[in-house]
Amino acid sequence: MSPDDIVILKRAPMRYFPAFFNFANRPVFVVGDGELAARKIRLLAKASPLINIFSVSEGSLVEQEFGADYVCFRRDLRKADLEFHPGLIFIAVEDEKILKDAVALAKRARIPVNVVDRPELCDFVVPSIIERGDVAIGISTGGAAPVLSRRLREKIESLLPARLGELVSFVKDRRPRIADRIALRDRRGFYERLLSSPISEAVLDGDMKSAEAGFEAALDADTPLPGSIHIVGAGPGDPELLTLKALRVMQEADVVLFDNLVSDAVLDLVRRDAERVYVGKRRADHSMSQSEIGERMISLAKEGKRVVRLKGGDPFIFGRGGEELDQIKAAGLAANVVPGITAATGCASSASVPLTHRGVSQAVSFVTAYAGEGGAPDIDWQALARLRHTLVVYMGVSRAGEVSANMIAGGRAASTPVAVIEKGTTDEQRILKTTLSAMPGDMLAANITGPAVLIIGEVADFADGAGLIQLSQQTELAA
Ligand SMILES: C[S@@+](CC[C@H](N)C(=O)[O-])C[C@H]1O[C@@H](n2cnc3c(N)ncnc32)[C@H](O)[C@@H]1O
């Protein structure tokens, strides 16, 4: 039967079929000695110990880089070479005659060929590759849009933990013991729980000692593997300000407990099937008390769930993350804390305000104007006023009058610039530029309801960006 005799009975929706080759005992051929050939060889070298390279000129880039490890022929590909049954042939030469001859030889011998930048001559395409140890992911647009493949690869790369390969090896090395100890009918469940347990998390964090100890305990005891708890900083609102780790654990979560500071755009990135639990925490709307939130997390983790506690900004900056961590530890469980971008830095960047600036401000303090049900916090405003550096006040909307009066009484000039940034980094961001004495009135006039930070200090003069309340408008409002 010749290729002309092939009759197509049914159209297939995929143009290329993805497959993973084993080149351990089979050579791969590359024709060419320029940079494009070198790139292919570097890639192939990850999977193939036997690479034969043809059309290599003396002293070429390819010969210098690969001559010691692979066979380089200073001649073109010949029919007799194909008797070594190469698995694949890659052609990356500019000379059209050498290229065409090599393609013809490969096609006649029915060896799949890939010609760099010539999709019409290719039997197969090379996907964009992501590799983490034994984990390999190939992405292809069938040669139609390689740039898109690369972009997709970057996106997926950012979601995969850097130590994923280590996790695969960890599990692979323990398969025999798991097979020995866990009955076949329970094995799949065991793997599922293992991969979402703190044991796996420890491997991903590079903490092999804890992982090892956790694994031994899990094998010994017939108790279910524990779940995990992550206290995660969700940043000030813009989902692009999440850390890669935050995104990963959000996408692996079984349950997410979040409060009102977490933006919808961030919540949209939580795994679709995860249970979402609103735990309130607006000042007037404590839908769950602090200790109830802790208890809920603990009981969910004990059921084997992957729990994510999503908190606005950074969990350890005016976020009560420390209390939650204490409660979890007191219950004998571990929790991982994933930092987030705090409102001060997120809002300052979004409003072009450098919190420190050479010659203007050499230090910055973050303070809260609200200390929970107890009322005003124990803050030495006089001392802060004397420091003459940048002060970022959290939870200060309803206490702007006190903040202003205290700072001025402490000696800070009434004319000190202030930037009030409301709903910073979100589409609803507003920036109010004012002064320390005018701040309370201007905030009322501009109807600032928060969440907002008050940036007090000379650097506030730099405030600019989306949502800037214009000066004329501001004067009008203040009048
Ligand atoms: C309970 S504190 C939580 C702070 C949070 N842990 C952090 O690191 O940003 C809440 C205060 O953070 C500030 N805040 C949080 N998100 C904000 C945003 N997007 N824009 C302005 N201020 C914000 C406000 O001052 C708000 O009253």
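This report walks through a predicted model, from its domains to its ligand and a few residues in loops.

## How to read the model

Residues are numbered from 1 along each chain as its sequence is written, and side-chain values use heavy atoms, with hydrogens and water left out. Because the model is predicted, local features need pLDDT of at least 70 and side-chain atom pairs count only at pLDDT 80 or more, while totals for chains, interfaces and linings use all residues.

## The domains

Let us start with the overall layout. The protein is divided into domain 1 (28-126), domain 2 (163-220), domain 3 (229-341) and domain 4 (344-470); these bounds come from an automatic or database domain assignment. Between the C-alpha centres of domain 1 and domain 4 there are 64 Å.

## Around the ligand

Which residues are closest to the ligand? They are Asp314, Ile317, Thr342, Ala343 and Ala452, out of 19 residues that surround the ligand (a residue is near a molecule if one of its heavy atoms lies within 4 Å of it). By type, the shell holds twelve nonpolar, five polar and two charged residues. Here Ala, Val, Leu, Ile, Met, Phe, Trp, Tyr, Cys and Pro count as nonpolar, Asp, Glu, Lys and Arg as charged, and the others, Gly among them, as polar. Domain 3 and domain 4 each give at least three residues to this shell.

A polar backbone atom of Ala452 lies 2.7 Å from an oxygen atom of the ligand. For Asp314, a polar backbone atom is 2.8 Å from a ligand oxygen, and for Ala343 a polar backbone atom is likewise 2.8 Å from a ligand oxygen. On its own the ligand has 570 Å² of accessible area, and the protein covers 89% of this; such areas come from the Shrake-Rupley method with a 1.4 Å probe. Helix H13 (343-350) and strand S17 (452-456) are the elements that give two or more residues to the shell. Helices (H or I, at least four residues) and strands (E, at least two) are DSSP runs, numbered from the N terminus.

## A pair of strands

Strand S1 (residues 28-31) and strand S2 run parallel, joined by four bridges; two strands pair if DSSP finds at least two bridges between them. Phe29 stands opposite Asn52 in S2.

In a regular strand the side chains alternate between the two faces of the sheet. In S2 (residues 51-54), Ile51 and Ile53 point one way, Asn52 and Phe54 point the other way, and all are buried. Buried means under 20% relative accessible area, exposed over 50%, and partly exposed in between, with a 1.4 Å probe and protein chains only.

## Residues in loops

Pro451 sits in the loop between helix H16 (439-445) and S17. A cis peptide bond, with omega about 0°, joins Gly450 and Pro451.

Phe318 is not a glycine, yet has a positive phi of about 45°. Its loop runs between strand S11 (306-311) and helix H12 (321-330), and Phe318 is partly exposed at a relative accessible area of 35%. Met395, also other than glycine, has a positive phi near 50°. Met395 lies in the loop between strand S14 (390-394) and helix H15 (400-409), and is partly exposed with a relative accessible area of 35%.

Finally, Ala438 is in the loop between strand S16 (430-435) and H16. Is Ala438 buried or partly exposed? With 27% relative accessibility, Ala438 counts as partly exposed. Ala438 and Val147 are 291 residues apart along the chain, and 52 Å separate their C-alpha atoms.

How values were computed. A polar contact is a pair of N or O atoms within 3.5 Å; within protein, one must be able to donate a hydrogen and the other to accept it, and residues adjacent in sequence count only if both atoms are side-chain atoms.
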